[in-house]
Amino acid sequence: MACRISELVVDAVDPDRLAAFWSDVLGYVELEREADGSVAIGPPDAGYGGPQPVLVFGPTADPRPTKLRLHFDVNATDRDQDAELERLLALGARPADVGQTGEESWYVLADPEGNEFCLLRTRLDPV
């Protein structure tokens with residue numbers, strides 16, 4: 001038997017802002033708010049325990065480390081990579097430089113708190 005990732009917890013200076021951004025990016029909805037200010041988002045029809053992981057944004061006052069040890073990769077499901085890039089930039093993502101050469105098949109972006117993520121070229125089927 002194996003495990004599966006059910007939730008990813010992300011420290012956030014502004015959990016509401018990051019939850020709203022990632023909800024728009026992924027088509028997620030708010031699932032829960034905790035008294036400590038944490039906001040959980042997930043797929044609208046599955047919630048906790050579904051095929052896609054829930055994201056939990058927990059409040060922190062700690063500064064972000066300079067280099068993240070984990071980042072998200074995302075793929076468009078209903079448009080090509082360039083159209084999805086435009087959509088993500090309109091939502092508040094911004095280009096990030098992590099030393100790429102310009103020859104990559106992906107775009108490196110940052111969310112509103114500067115967390116890097118990559119937009120990959122391949123279009124995936126929706127879950």
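**Exercise 1. Disulfides and cysteines**

Determine how many disulfides a search of the whole structure finds, and decide whether cysteine 3 is buried or exposed.

Solution. Take a disulfide as a pair of cysteine sulfur atoms within 2.5 Å; with that cut-off, the search of the whole structure finds 0 disulfides. The structure is a predicted model, in which local features need pLDDT of at least 70 and side-chain atom pairs count only at pLDDT 80 or more, while totals for chains, interfaces and linings use all residues. Residues are numbered from 1 along each chain as its sequence is written, and side-chain values use heavy atoms, with hydrogens and water left out.

Next, apply the accessibility classes, where buried means under 20% relative accessible area, exposed over 50%, and partly exposed in between (1.4 Å probe, protein chains only). Cysteine 3 counts as exposed because its relative accessibility is 82%, whereas cysteine 118, at 10%, counts as buried.

**Exercise 2. The second largest pocket**

Identify which element supplies the largest share of the lining of the second largest pocket.

Solution. A pocket is an open set of points on a 1 Å grid over the protein atoms alone, where a 1.4 Å probe fits, with protein on both sides within 12 Å along at least five of seven lines; lining residues have an atom within 4 Å of a point. The second largest pocket holds about 460 Å³ of space. Its lining comprises 22 residues, of which Val10, Asp11, Arg64, Leu68 and Asn115 are the closest to its centre. Among the strands (DSSP runs of E, at least two residues, numbered from the N terminus), β1 (7-12) and β8 (116-119) each supply at least two lining residues, and the largest share, 5 residues, comes from β1.

Methods:
Grid points are joined across faces, edges and corners, and a volume is the space filled by probe spheres set on the points. Helices (H or I, at least four residues) and strands (E, at least two) are DSSP runs, numbered from the N terminus.
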